Amino acid sequence: MTALTDALPSLSAHRNRLAAIPMRQMFADDPERFATFSATAGSLFLDYSKTRIDRAALEALVNVADAGGVEAGRDAMFAGREINATERRAVLHKALRAAPGDHFETAGRDILPEVFQTRERMLAFAERVRSGDVAGVGGPFTDIVNIGIGGSDLGPAMSAIALRPYLDGPRLHFVSNVDGADITDTLAGLDASRTLFLVASKTFTTLETMTNAATARRWVVERLGEGAVGRHFAAMSTALGAVARFGISEDRTFGFWDWVGGRYSLWSSIGLPVAIGIGAARFNEFLAGARLIDRHFQDAPLARNLPVLMALIGVWHRDVWAFPALAVLPYEQRLRRFAAYLQQLDMESNGKRVRLSGELISEPTGPIVFGEPGTNGQHAFYQLLHQGTEIVPCEFLVGASDHEGLDEHHTQLVANCLAQSEALMRGKNRHEVETELRATGMDPDAIASLAPHKVFPGDRPSITIVYPKLTPSVLGQLIALYEHRVFVQGLLWGLNSFDQWGVELGKQLAAGLVGAVRSGRPPDDRDGSTAGLVGVIARMREGG
């Protein structure tokens, strides 16, 4: 049992009370609603006034956070305790964005000297690549290809797109899928003599990553010879022996630690491609933005703490209102991979059904996370958001300014963002629809037929996060905000947000199927469907 479980009956009473009050009425009855249900941290402004909440419900949720040990759990994480209990590890990705004067330790050992040393080595290497001091056989590198998967790909790839206005180094490319099309399409048109590969795998054994790395190595050797491998590869790994056997020297190998989970590793040497793209100074701004939210998370009272507020709203929607999904809707084209990044952060962290105690969890946990940048999403799935049978809470993100100076574009973008959250909240009732149709001169029978299709139920909750402009600091703040939100929700559900055993079974089964797929002989020890599909694929291959 958790404090949330205990509080669900009283929270449900608040829900039942609020379900009878349209959000339109909430705004009409309380002129201060926007001011009451908004908060700031750093450069971020959070508006959660368009959710079905009032002061009493918010107070009850904050009490759940207090009773649920959110402050104690937060302090234990920052203190370096082994809160990842199933793997017996500390969780200290916050240390990776630390500044001089901060203190982080685990098992009684100060870890910051090693963190700072690795960061300095990594950033120095990035600057030497940017300057051309580290170069390929054909001269300074024009292209960087990052080979990784999961946390070794999603974070850097998302950030490289988000920070495109600040990219003034070599071109960045990302390969993750073991599908040969990914690396083939990436390498097409690249000059091997001026391409640097970054192989990101802590153990240097990740199947997809090492398959792609081997293909990249062959590509280099075929064009430049075996002796060029050391010059055209670097690694983010702790497996020095395996890295050396691949042909990468220790001075081009950048490690990280077991207290850094893959989906939290962007701040470590895994961020090397981003550092090469934007430079050391701006990468440090990125780290400083995340650190700013770390400090806010540590210091702000629960009722004004952005990660805590977002977590409580998420639990309110998931457990009290039983909404199954969450739409992340950045109105910023350069955040087009942000929802994909958050899918891993949220669904891999809190897609769990067992508490830390081993007890099955009775209430819902992590939501299904999806999203696209608006206005594209408006012409795709917003129909369901507005008139579908399921209510999907939405999280809008929008910058007050853009980088391009195309004022008309940005004005329309912001107007669309604000209008969508307003439309979800207000809706359009039958009377309003019929009044509109009568004004067009439509006859009564046609109005009666068409009106039901044009009614919007409204009362569909959303939050909006506004920031001045998408800078390295702001991106760091956004990512850290969501990291801590996910952590707080995990605390409230009583689960471990930092393991991912659910990804292991498929890996194990795939390893046993490789031989069968290669030979085309259906395995005897698998179910009829799996064995049958191996046979079907083999016959299709034979037929061309």
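This section describes the cysteines, the aromatic pairs and the charge–ring contacts of a predicted model.

The structure contains zero disulfides. A disulfide is a covalent bond between the sulfur atoms of two cysteines. For cysteine 394, the closest cysteine sulfur belongs to cysteine 417 and lies 10 Å away, which is too far for a bond. The cut-off for a disulfide is a sulfur separation within 2.5 Å. Cysteine 417 likewise takes part in no disulfide, its nearest cysteine sulfur being that of cysteine 394 at 10 Å. Both sites are enclosed by the protein: cysteine 394 is classed as buried because its relative accessibility is 2%, and cysteine 417 is buried with a relative accessible area of 1%.

Aromatic contacts were examined next. Across the whole structure, 21 aromatic pairs were found. In one of these, phenylalanine 78 and phenylalanine 297 have ring centres separated by 6.3 Å. The planes of these two rings meet at 50°, so the pair is tilted. Phenylalanine 78 and phenylalanine 297 are both buried.

A second pair is formed by phenylalanine 197 and phenylalanine 233, whose ring centres are 5.0 Å apart. With an angle of 20° between the planes, this pair is stacked, because planes under 30 degrees apart fall in that class. Here, too, distant parts of the chain are linked: phenylalanine 197 is located in strand 9 (residues 195-200) and phenylalanine 233 in strand 10 (residues 233-236), 36 residues apart. Phenylalanine 197 counts as buried at 0% relative accessibility, and phenylalanine 233 is buried with a relative accessible area of 0%.

One aromatic cluster is made up of Phe78, Phe104, Tyr264, Phe297, Phe487 and Phe498.

Aromatic rings also meet charged side chains. The charged end of arginine 33 is placed over the ring of phenylalanine 27, at 5.4 Å from the ring centre. In another contact, arginine 217 lies over the face of phenylalanine 246, and the distance to the ring centre is 5.5 Å.

Definitions and conventions: Residues are numbered from 1 along each chain as its sequence is written. This is a predicted model: local features need pLDDT of at least 70, side-chain atom pairs count only at pLDDT 80 or more; totals for chains, interfaces and linings use all residues. Side-chain values use heavy atoms; hydrogens and water are left out. Buried means under 20% relative accessible area, exposed over 50%, partly exposed in between (1.4 Å probe, protein chains only). Rings of Phe, Tyr and Trp (its six-membered ring) pair if their centres lie within 6.5 Å; planes under 30 degrees apart count as stacked, over 60 as edge-to-face and the rest as tilted. Helices (H or I, at least four residues) and strands (E, at least two) are DSSP runs, numbered from the N terminus. A charge sits over a ring if NZ of Lys or CZ of Arg is within 6 Å of the ring centre and within 35 degrees of the ring normal.
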